[in-house]
Amino acid sequence: MTQTAHLPAPAPAAGHRPNAARRALRALAILACLPYISLKVAWVAGSELGIPAGSVLLERRELMAAVNAVSVVADVLVVVLALLLTQAWGRRFPAWLLALPMWAATGLLAPIMTGYPAQLAVALVTGDAKAAAPSEPFLDEWVFGVVYGGFILQGLALGTLFALYARDRWSHLWQGRLGDLSARTSGPGARLLAVAGAVVALVPATLHLLWATGSITGLSARMIAERDSDDYVLEADRLVFVVVAVAFTLFLVLRRPARLRVRTTLALAWTASGAAGCWGAYLSLVALLPDPDPSKHVPGLVQLSYAGDMITGFLLAACVALFLRRRSAGA
């Protein structure tokens with residue numbers, strides 16, 4: 001997303017101060033981080049709050065402490081972003097340096113905001129709170145509600161703040177409809193990236209579709225034994241984000257359907273490419289962590305789906321960045 005460095009950065013108005021609504025959203029975003037940060041800090045310090053006896057998280061304390069420390073830093077970044085989006089100095093911040101973490105934050109939070117409520121809804125309808133309990137305990141049930149609830153609030157508050165900030169600073173870049181765009185906004189480079197992303201997406205999209213509809217192709221015996229409704233919802237969620245990312249990025253570079261708003265197309269391409277790319281990268285990293293138990297190793301086909309999501313998301317994000325760069329240059 002570094003291509004967005006060419007976006008203009010207008011000087012803030014003298015005495016610029018966030019209004020009451022933005023201050024409230026900023027406070028909500030910061031407060032929503034506290035449960036997650038508090039839990040992670042407690043775990044780094046050696047606490048077992050929310051971790052049941054025999055949990056796999058207690059087996060490799062040094063590794064978990066390192067992972068938890070990194071995740072604390074990541075959530076602290078949300079606090080920094082909330083401040084940046086509501087302060088006068090934030091209006092002078094380099095565009096690419098803001099766009100990259102916001103794209104990542106959007107990509108990491110959006111699947112939680114859609115997937116977790118969907119899981120709860122499916123469990124409510126089917127009465128299947130946990131059809132297949134894991135062979136080893138992981139976390140107390142309340143932890144998921146507290147942490148994911150906080151993530152959803154973070155996503156709503158931070159997403160709204162970014163939308164308001166982007167409207168004030170860059171709204172001229174997404175005015176009008178796709179049919180109004182100049183051909184220069186989607187040159188051969190952007191089209192090549194979009195097509196490459198669409199081709200790569202065929203692999204993870206096919207696998208997500210298979211697993212969402214009950215196939216056990218490529219799954220380990222452990223994964224098969226522990227599958228429940230949550231897994232089906234997550235696979236469907238990942239499939240939707242990949243399909244939306246490909247479709248709306250192609251719409252953007254092809255400038256069709258002509259009557260579709262640029263704002264809507266760009267927002268969906270941005271969000272979905274981030275969801276595919278960032279979660280694919282995160283899950284790929286987790287899959288590479290060493291584990292002495294062979295039954296816990298992530299199968300090759302599952303790793304391929306993670307890598308496919310990651311590459312798809314990154315290629316399409318680069319296409320969006322190139323579009324914004326060209327649009328900015330034209331403006």
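**Reading the domain interface**

Reply: Between domain 1 and domain 2, 1 salt bridge crosses the interface, a salt bridge being a side-chain nitrogen of Lys or Arg within 4 Å of a carboxyl oxygen of Asp or Glu. Please note that this is a predicted model, in which local features need pLDDT of at least 70 and side-chain atom pairs count only at pLDDT 80 or more, while totals for chains, interfaces and linings use all residues. Residues are numbered from 1 along each chain as its sequence is written, and side-chain values use heavy atoms, with hydrogens and water left out.

Me: Which residues form the salt bridge between the side chains, and what is the N to O distance?

Reply: Glu-59 and Lys-296 form it through their side chains, at 3.4 Å from N to O. The pair joins distant parts of the chain, 237 residues apart: Lys-296 is in the loop between H8 and helix H9 (300–330), and Glu-59 is in the loop between H1 and H2. Helices (H or I, at least four residues) and strands (E, at least two) are DSSP runs, numbered from the N terminus. Lys-296 is partly exposed, with a relative accessible area of 21%, and Glu-59 is partly exposed at 48%. In these terms, buried means under 20% relative accessible area, exposed over 50%, and partly exposed in between (1.4 Å probe, protein chains only).

Me: What is the area buried between domain 1 and domain 2?

Reply: The size of an interface is often given as the accessible area lost when the parts come together. Here the area buried between domain 1 and domain 2 is about 2,100 Å², and carbon and sulfur atoms give 62% of it. Buried area is the accessible area (1.4 Å probe) that two parts lose on being put together, summed over both.

Me: How many salt bridges does the structure hold?

Reply: The structure holds 6 salt bridges. One of them joins the side chains of Arg-222 and Glu-226, at 3.8 Å from N to O. These two residues are separated by about one helical turn because they are 4 residues apart in helix H6 (residues 221–226). Arg-222 is partly exposed at 22% relative accessibility, and Glu-226 is partly exposed at 23%. Glu-235 also forms a salt bridge with Arg-238, with the closest N and O atoms 3.5 Å apart. Glu-235 and Arg-238 are 3 residues apart in helix H7, so about one helical turn separates them. Glu-235 is buried, at 12% relative accessible area, whereas Arg-238 is partly exposed at 23%.

Me: Which residues are linked with Arg-22 in a network of salt bridges?

Reply: Arg-167 and Asp-168 are linked with Arg-22 in such a network. Arg-22 lies in helix H1 and is buried, with a relative accessible area of 11%. Apart from neighbours within four places in sequence, Arg-22 is in contact with Thr-86, Leu-161, Leu-164, Tyr-165, Arg-167 and Asp-168.

Me: Is Leu-57 buried or exposed?

Reply: Leu-57 counts as buried, at 17% relative accessibility. Leu-57 sits in the loop between helix H1 (20–44) and helix H2 (61–84). Not counting residues up to four places away in sequence, Leu-57 touches Ile-51, Met-64, Phe-138 and Leu-139.

Me: Which peptide bond is cis?

Reply: The peptide bond from Arg-256 to Pro-257 is cis, its omega being near 0 degrees. Pro-257 is in the loop between helix H7 (229–254) and helix H8 (262–288).

Conventions: Contact means heavy atoms within 4.5 Å.
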